[in-house]
Amino acid sequence: MLFSTITFAAESPKANAIRPEQIQKLLSPDVPRVLCLDENFATGGQPTGDAYAKAAASGFSSVLSLRTTSEGIDLLRERAQVESKKMRYFNIPVNSSSPRAEQADEFLRIARDKANHPMLVTCSTANRVGAFMMILRVVEQGWSEEKALEEAIKIGLRGEELRKFAKDYIASQKLKRQL
């Protein structure tokens with residue numbers, strides 16, 4: 001994937017003139033499958049080590065986790081780590097085998113809020129992240145479903161249930177717009 005020289009959150013007081021490919025390289029030791037998509041979103045698996053400090057130093061405004069407490073992650077500790085770096089923390093606990101439309105609605109609400117950009121979106125392996133970013137790209141940003149699916153697979157989408165969920169959610173939103 002080619003990246004432009006767009007800087008993250010140029011209007012943010014925390015912003016540094018770091019390009020997406022530099023941020024991706026910086027975060028890669030601490031965020032599995034990290035992918036800086038554009039000036040607003042980076043995606044990946046479960047952050048470790050200094051990921052949140054590096055994200056904050058790179059100008060990130062928020063972290064959105066799609067993990068559930070049943071996955072063995074201490075979400076309260078994670079929230080404290082993120083907030084200690086002066087970033088916002090969001091958690092939408094999505095079960096990979098049974099995602100819900102209201103979770104996609106909440107994801108879109110958080111993701112469309114420019115005050116949350118740039119945002120690091122994570123789950124354990126980036127599988128859920130891929131599905132939810134696919135929804136964002138099509139529903140909010142007008143991408144074709146094919147282009148969004150291609151990106152979702154690069155992000156980490158591999159579960160058939162999540163792929164079906166994303167496609168069904170997108171279809172339901174298109175139907176709502178037609179009515």
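Predicted model: local features only at pLDDT ≥ 70, side-chain atom pairs only at ≥ 80, totals over all residues.
**Ground rules.** I number residues from 1 along each chain as its sequence is written.

**Sheet.** I took helices (H or I, at least four residues) and strands (E, at least two) as DSSP runs, numbered from the N terminus. Two strands pair if DSSP finds at least two bridges between them. I read an open sheet of 5 strands in the order β1-β2-β5-β3-β4, with mixed pairing. Which strands are at the edges? They are β1 and β4 (88–91), each pairing on one side only.

I started at β1 (residues 35–36). This strand runs antiparallel to β2, and 2 bridges join them. With 4 residues between them, β1 and β2 form a hairpin. Leu35 stands opposite Thr43 of β2.

On its other pairing, β2 meets β5 (residues 119–122) in the parallel sense, over 4 bridges. I noted Gly44 with Thr122 of β5 as its bridge partner. Further along, β3 (residues 62–65) and β4 also pair in the parallel sense, over 4 bridges. There Ser62 stands opposite Arg88 of β4.

**Side chains of β2.** In a regular strand, side chains alternate between the two faces of the sheet. I checked this strand, residues 41–44: Phe41 and Thr43 point one way, Ala42 and Gly44 the other.

**Aromatic pairs.** My rule: rings of Phe, Tyr and Trp (its six-membered ring) pair if their centres lie within 6.5 Å. Planes under 30 degrees apart count as stacked, over 60 as edge-to-face, the rest as tilted. How many aromatic pairs come out? The count is 3.

I looked up Phe132 and Phe165 next. Their pair is tilted, at 5.8 Å centre to centre and 35° between the planes. Phe132 lies in α5 (residues 127–140) and Phe165 in α7 (residues 160–178), so the pair ties together parts 33 residues apart in sequence. Phe132 is buried, at 0% relative accessible area. Phe165 counts as buried at 11%.

Phe165 has another partner, Tyr169. Their ring centres are 6.2 Å apart with planes at 40°, so I logged this pair as tilted too. The two are 4 residues apart in α7, about one helical turn. Tyr169 is buried, as is Phe165. Ring pairs link Phe107, Phe132, Phe165 and Tyr169 into a cluster.

**Charge over a ring.** I require NZ of Lys or CZ of Arg within 6 Å of the ring centre and within 35 degrees of the ring normal. Lys147 lies over the face of Trp143, at 4.2 Å from the ring centre.

**Largest pocket.** On a 1 Å grid over the protein atoms alone, I take a pocket as an open set of points where a 1.4 Å probe fits, with protein on both sides within 12 Å along at least five of seven lines; lining residues have an atom within 4 Å of a point. The lining has 14 residues, and Pro47, Gly49, Tyr52, Arg77 and Gln81 lie nearest the centre. Elements giving two or more residues are α2 (51–57) and α3 (75–84).

Note on methods: Heavy atoms only, no water. Buried < 20%, exposed > 50% of the residue type's maximum accessible area, 1.4 Å probe, protein only.
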